[in-house]
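Subject: Structure handover

Hi,

Here is the structure for you to look through. Please open it first, then read my notes below.

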Amino acid sequence: MPPIPADTNDDDRKLLARTGAGDRQALTELYTRYRGAVFAYLLRLTPDQHLAEDLLQETFVAVWKSAASFAGRSTVKTWLIGVAHRQAHNVLRRRAEPLADEAELAQLAAADPEPENAVLAQATREELLAAIARLSLAHRETLALAFGHEMPAAEIAEALGVPIGTVRSRLRDAKRLLRAALSVTLGADREEMR
Amino acid sequence: MTYEPESMRHADEHASDLLPEYLAGALDDATQQAVRTHLLTCVSCAAELRAWEQIGAVERDRVAETPTPALALLGEVWRRIDMEPAAQPTESRSRPVTFLWNVVTAQTRLLRRSVWVASALGIALASLLAASLGAELGRDGVLTIALPLIAAAGVAFLYGPDNDPGLEITLATPTPARLVLLSRFGLLFAFDVALALIGTLAISLARGESLWGLALAWLGPMTLLATISLALSLFTGPVVAALGAAVAWLASALRFDSGLTLRFPPEALARMTPGILALSVGTLLLAMIAVSRREQFAPVDN
């Protein structure tokens, strides 16, 4: 993992340390800084805005409780996303959201001769959004952190508690699955046009 | 570091795995430059980059479109914090008994139901078979042969990504992996022993024999074989571990004196001796050390 420059993150670390010591003003400041980022991450896991708000609150309750245990191995943002990840998965796992049948998509991906990259590059924004929404939680959140939050693979691995190789393979698989989902949609459209 | 260790070691290698980070500007300067140079000449990576750009644009827009949550939401955060004064960060550590109880009970929900059902069915069948056989058919041997095998097979399926889809999340919690492993083993083993004791009690009552004498014949090998199977499963996966334990069990019972015969229990394991107990505990400790080493990537910062 590339070392994180100390100065960019110093302010945040001080805030987190003060939060750990029980300083409410510090938690308020952390919330003000990171509510947008954490909320955006949570909204990629669930489309339910109320649930996302509730998870945001649970995340900051958990931050208050565990701030003192921050060991400084990652950036504060990564650590916050990690806390949000655990809060969200505790809840979403219980709900068992219906997900796309990935085995089915993977089969399509293997059978489809159309070049992967061309299909993706031609897709419209709406088609891509719909296809991404059908991905599993793990693939969606990895895409969101890699592109929406522009996090390096090592930081994503830290936030999600998985090896860096898993992050890269999730990205590869996500692209493959999106290609499969899109070829089905585009194929159906072409059928209709005939 | 000039290049990521696993990719882009040479300029002619493809940059596939680095493209998402390249696009996000998340690579260090030298790697970023190396990928840029590679893209100038590599048609397939350039095409791939365009595909990622499409996906990246959608994701970036999504974040940009997210409304900023209200500052007022923080009020509810304070209310929840003030509502549970007992839930201080060190609570779980400061009350070891409560913590241990929570960890152990949590495992009952995380373990596969099939492990419990299969173990219970196996033990019930073995007990029924032992009760129905006559003495001349070796009824005493049935429990001694079957119970260690059933325990070993169940234990092999306790731990590991093949067995527990939620393991990734379990490892992201502050609970040490070795404690998770130990409590899972303790739970299933206690469950097996309890059921086996019930079966043995029924048989001993029907025959007027001592429960203790019958139980001691299977308890030693059951304990040792279960810990061996657990340790094996960490290295080889569940199926190989269960088979390995079965082979070890049969091999230990082989006797060559008057032709090839099987003798259960094997002489070396005929009783529950301190030696067998020590060997079992040692194997269990080995498994816990192995799992701690392996799961070191689990976050320590929470």
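Among contacts in chain B between residues at least 6 apart in sequence, what percentage join residues at least 24 apart? The figure is 70%. Two residues are in contact if their C-beta atoms, placed from the backbone, lie within 7 Å.

Some ground rules. This is a predicted model, in which local features need pLDDT of at least 70, side-chain atom pairs count only at pLDDT 80 or more, and totals for chains, interfaces and linings use all residues. Residues are numbered from 1 along each chain as its sequence is written, while chains are lettered from A and ligands numbered from 1 in the order in which they are written.

Confidence comes next. pLDDT is the predictor's confidence in each residue, from 0 to 100. Chain B averages 78, and 77% of its residues score at least 70. Two stretches of chain B stay under 50: residues 1–7, with 13 contacts beyond four places in sequence, and residues 87–93, with 8 such contacts. Where pLDDT is low, the predicted coordinates should not be read in detail. For the complex, the predictor gives an ipTM of 0.82 and a pTM of 0.52.

Now the build of chain B. It has 13 helices and 2 strands. These are DSSP runs, numbered from the N terminus: helices are H or I, at least four residues, and strands are E, at least two. Of the 302 residues in chain B, 35% are buried (20 or more other C-beta atoms within 10 Å of the residue's own).

Look at one helix pair. The axes of α11 (residues 211–236) and α13 (residues 274–294) of chain B come within 9 Å and cross at roughly 15°. Axes are lines fitted to C-alpha atoms, for helices over the stretch in contact, and angles run from 0 to 180 degrees between N-to-C directions. So α11(B) is roughly parallel to α13(B) (angles under 35 degrees). Residues that meet there include B:Leu224 and B:Ala231 in α11(B), and B:Leu284 and B:Ala287 in α13(B).

Then the interface. The contact takes 43 residues from chain B and 54 residues from chain A. On the side of chain B that touches chain A, α3(B) gives the largest share, 12 residues.

Last, the largest nonpolar core. It has 73 residues. Such a core is a set of buried Ala, Val, Leu, Ile, Met, Phe, Trp, Tyr and Cys residues joined through C-beta atoms within 7 Å. Helix α2 (residues 24–45) of chain A gives its largest share, 11 residues.

Best wishes

Definitions and conventions. A residue is buried if 20 or more other C-beta atoms lie within 10 Å of its own, exposed if 12 or fewer, and partly exposed in between; C-beta atoms are placed from the backbone. Angles under 35 degrees count as roughly parallel, over 145 as roughly antiparallel, 65 to 115 as roughly perpendicular and the rest as oblique.
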